[in-house]
Structures are given as C-alpha cells and as structure tokens.
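Visitor: Please take a close look at one part of this model, the packing around the annotated active site. A plain description will do.

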Amino acid sequence: MDRDNYFLKEAIKQAKKAMAIGDVPIGCVIVFEDKIIARGYNRRNKDKSTLSHAEIIAMKKACKKIGDWRLEDCTMYITLEPCPMCAGAIVQSRIKKVVLGAMNPKAGCAGSVLNILQTDGFNHKTEVELISCESLRSECSSLLSSFFKSLRQAKIKPE
C-alpha cells in the first residue's frame, strides 16, 4: 500500500538521524488519522539511557499530542521489529497496528523470538504487518548491516 510505504520512508528518515549521531539506526513514526503525530529515533548511546529507543520516544510524544496514554487508533511504523521493552510498551499503549520494515531474529518480539504484541491473555493485541515493499525491507536491513559493519571495521584498524 502506498500509504504504508510513505510512512515507513518517514521512519527510515528517523533511522538515518540515529545513524548520524552514532546510534543504531532505528526509526519510528506514529500515525493518527493519516497524519504523523510523533517521530522518534534510537538515542540509547547518545542519551546513555536504556529507555531511549525510537518507539518509546515516539510514544511519549504521541501521548502528549493526543493528551492520553491510550494510542488506540494509531498505527506505528518502525524500521526494525521491536525489542521486549518496546513491544510491552506498545501493548500497554493499545496501539492498533504496527508496520515493520525488518524483522529482528535476535531480539524481535513481534514474531521472531517472541510475539508479545499478540499474546493471548493480555488485554490488548496489536496487528502486526511486515511492509510488503521489498525495496523498503531491504533498505531497513541494509541500514543496520552497514552500521554494524562500520563498527566492526572501526575496531579492526590496520597498523
């Protein structure tokens, strides 16, 4: 869907901001009534805070904008499948749907390792969708791959 592609491209712009400050390139936007109401990018290293994930930052902004902790009619677009902390916060905020740019086989909690977003027994389940556009999935994955490759290369400097 063109709409989903547009919003995921906006999340990718946020991920590039994270990369520019030396953080893992993960970006997020939250959409309400077809408008972006919040943006966030990973700032964990920059802020020296475990809580400075793109999703958490965006949710704080969205809650302030809406004036409620419930984000029931919102869709979140994230460049990478959320970690356990972010997945839990997404469930707690009652976000309706999450659209992902890439899966995270090492720590993802929207289906890869666990599926916190759709766990039976919780009071809320979130729809999960991997973006259908292959080139956007590839861009999200390659942002992360190139970031970690550059980190490895920086550690191995020839003398």
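Guide: Axes here are lines fitted to C-alpha atoms, for helices over the stretch in contact, and angles run from 0 to 180 degrees between N-to-C directions. Helices (H or I, at least four residues) and strands (E, at least two) are DSSP runs, numbered from the N terminus. This is a predicted model, in which local features need pLDDT of at least 70, side-chain atom pairs count only at pLDDT 80 or more, and totals for chains, interfaces and linings use all residues. Residues are numbered from 1 along each chain as its sequence is written, and side-chain values use heavy atoms, with hydrogens and water left out.

The UniProt record, an unreviewed entry, places the feature "active site" at Glu55. UniProt positions are given in the numbering used here, feature names are shortened, and annotations may be inferred rather than shown by experiment.

Glu55 belongs to helix H3 (residues 54–66). With a relative accessibility of 4%, Glu55 is buried (under 20% relative accessible area; exposed is over 50%, partly exposed in between, with a 1.4 Å probe and protein chains only). Setting aside residues up to four places away in sequence, Glu55 is in contact with Cys28, Met76, Ile78, Leu80, Pro82 and Cys86, where contact means heavy atoms within 4.5 Å.

The axes of H3 and helix H4 (residues 84–93) come within 9 Å and cross at roughly 25 degrees. H3 and H4 are therefore roughly parallel (angles under 35 degrees; over 145 is roughly antiparallel, 65 to 115 roughly perpendicular, and the rest oblique). On the H3 side the contact is made by Glu55, Ile56 and Met59, and on the H4 side by Met85, Cys86, Ala89, Ile90 and Ser93. By class, this contact of H3 with H4 has six nonpolar, one polar and one charged residues; Ala, Val, Leu, Ile, Met, Phe, Trp, Tyr, Cys and Pro count as nonpolar, Asp, Glu, Lys and Arg as charged, and the others, Gly among them, as polar.

Asn104, in the loop between strand E4 (97–100) and strand E5 (127–130), is in contact with Leu80, Glu81, Ser112 and Val113, leaving aside its neighbours within four places in sequence. Asn104 is buried too, at a relative accessible area of 16%.
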